[in-house]
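Welcome! Have a look at the sequence and the 3D view, then try each task before reading on.

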Amino acid sequence: MLTQHQDPIAAIATAPGRGAVGIVRLSGRGLAPLAQALCGRALQPRQAHYLPFTDAQGQAIDQGLALFFPAPHSYTGEDVLELQAHGGPVVLQLLLARCLELAPALLPPLRLAQPGEFTQRAFLNGKIDLAQAEAIADLIDASTSAAARSAARSLGGAFSQEIEGLRAALVHLRMLVEATLDFPEEDIDFLRQADARGQLAQLQSRLAQVLQHARQGALLREGIKVVIAGQPNAGKSSLLNALAGAELAIVTPIAGTTRDKVQQTIQIEGVPLHVIDTAGLRESSDAVEQIGIERAWDAIASADAVLFLHDLTRTQAPDYAAADAAIAQRLPAGVPVIDCWNKADAAGVSALVAGLALSARTGAGLDALRQELLRLAGWQNTAEGLYIARARHLQALQGVAAHLTQAEAELASSSPALDLLAEELRLAHNQLCSITGEFSSDDLLGEIFSSFCIGK
């Protein structure tokens with residue numbers, strides 16, 4: 001989605017619908033004449049002006065605030081004009097239409113902005129790097145307070161500074177290798193004198209720390225998908241309601257009450273947990289229930305973890321135990337399973353079970369279950385120093401680690417092939433630069449910015 005970023009652009013920058021305030025935003029070169037024509041006077045930079053916005057006949061569309069940010073001291077690095085009016089959709093559309101109407105006589109053709117194009121221009125004009133641009137979308141989309149704080153740290157440059165530190169160390173190491181390649185006739189071993197192996201080890205250690213923090217940040221952004229599975233009447237819907245703290249799913253003693261998936265996102269220590277209640281797993285001749293059961297198995301196959309819920313009051317029933325065993329055999333091998341034994345308050349038995357005993361009705365055992373879910377996800381409760389991260393960041397950092405491992409093996413050999421060593425370090429460098437956008441394809445940029453909302 002790399003558009004013609006020389007064109008001036010305009011968009012309504014607030015969410016659709018009615019609100020107290022709505023914003024029309026423009027960005028481009030030489031917007032001052034348009035601002036003056038629309039507002040009836042010249043605007044002082046970075047000052048709010050309360051005035052009428054008028055139509056072609058001089059009639060007021062609305063009274064509001066106009067702010068003008070001349071380049072390069074603006075969000076996009078271009079001239080930016082923001083018009084703050086009352087937040088009615090008709091008012092904002094009239095104001096946007098007036099801007100488009102005035103533009104042809106005063107500046108190059110003004111067009112409507114594409115999704116994410118304002119932030120894209122901020123990136124292209126060097127106001128932010130790519131990781132910071134992504135953090136803007138992550139801050140808007142944050143589903144927990146911890147995720148929002150971590151996204152704000154990334155937007156402030158915390159993640160980018162870590163990447164820059166790795167990049168600087170890697171550049172220095174590349175310089176040593178390139179120097180050895182460029183001057184083979186000199187009887188100087190640049191690499192041993194500069195302790196290249198020690199520098200590489202330090203770089204790998206620092207990379208491991210950044211990667212660990214990035215994994216935690218990605219967990220804050222994405223959360224984990226947990227499916228509650230088990231036979232009918234094991235208490236799956238009751239467990240969902242207990243975890244969510246609300247009556248989301250219908251609970252009755254009738255087997256097969258839940259016919260389809262019911263999903264709710266909750267948070268545990270700031271980590272989003274996408275909990276899915278599913279239809280009871282059993283053989284059924286009911287066509288509707290059978291569809292729900294098939295969807296339950298589909299959800300289980302794509303889960304990050306499965307809560308296999310057992311009914312403690314029925315553990316001695318041979319048919320129930322056999323059905324549980326059949327479900328266990330069918331669970332995907334690659335999906336972690338937590339065996340949970342429900343109705344501990346009503347079981348009246350003291351038999352030891354392999355898993356967590358809990359009561360969805362009283363809440364007993366739920367804290368232990370929450371901690372087990374966090375442990376399974378790899379959460380380490382270090383949110384205060386975290387920055388948000390995405391799957392592509394993790395992939396890039398893992399790529400850096402793989403190339404540095406190859407470089408380490410080459411450097412440790414009795415006669416290192418310095419050209420291969422240099423290539424591994426170059427590839428690692430490219431992977432790092434792809435995170436902040438110093439080395440990124442147009443396709444990647446298009447994919448990232450097209451996921452933004454219009455006006456941002």
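**Exercise 1.** Is Y387 buried or exposed?

*Solution.* A word on the source: this is a predicted model, in which local features need pLDDT of at least 70 and side-chain atom pairs count only at pLDDT 80 or more, while totals for chains, interfaces and linings use all residues. Residues are numbered from 1 along each chain as its sequence is written, and side-chain values use heavy atoms, with hydrogens and water left out.

Step 1: recall the scale, where buried means under 20% relative accessible area, exposed over 50%, and partly exposed in between (1.4 Å probe, protein chains only). Step 2: Y387 has a relative accessible area of 3%, so this residue is buried.

**Exercise 2.** Find how the rings of F159 and Y387 are arranged.

*Solution.* Step 1: rings of Phe, Tyr and Trp (its six-membered ring) pair if their centres lie within 6.5 Å; planes under 30 degrees apart count as stacked, over 60 as edge-to-face and the rest as tilted. Step 2: this rule gives one aromatic pair. Step 3: the ring centres of F159 and Y387 are 4.8 Å apart and the planes stand at 20 degrees, so the pair is stacked. Helices (H or I, at least four residues) and strands (E, at least two) are DSSP runs, numbered from the N terminus. Step 5: F159 is buried as well, at 1% relative accessibility.

**Exercise 3.** Work out which strands stand at the edges of the six-stranded open sheet.

*Solution.* Step 1: two strands pair if DSSP finds at least two bridges between them. Step 2: the order is β3-β4-β5-β2-β1-β6, with mixed pairing. Step 3: β3 (49-54) and β6 (111-112) each have a single partner strand, so they are the edges, and one side of each lacks a neighbour in the sheet. Step 4: look inside the sheet, where β4 (residues 60-69) and β5 (residues 79-87) pair in the antiparallel sense over five bridges. There, F68 has L81 in β5 as its bridge partner.

**Exercise 4.** Identify the rings that have R25 and R330 over their faces.

*Solution.* Step 1: a charge sits over a ring if NZ of Lys or CZ of Arg is within 6 Å of the ring centre and within 35 degrees of the ring normal. Step 2: R25 lies over the face of F118, 5.7 Å from the ring centre. Step 3: R330 lies over the face of W297, 4.1 Å from the ring centre.
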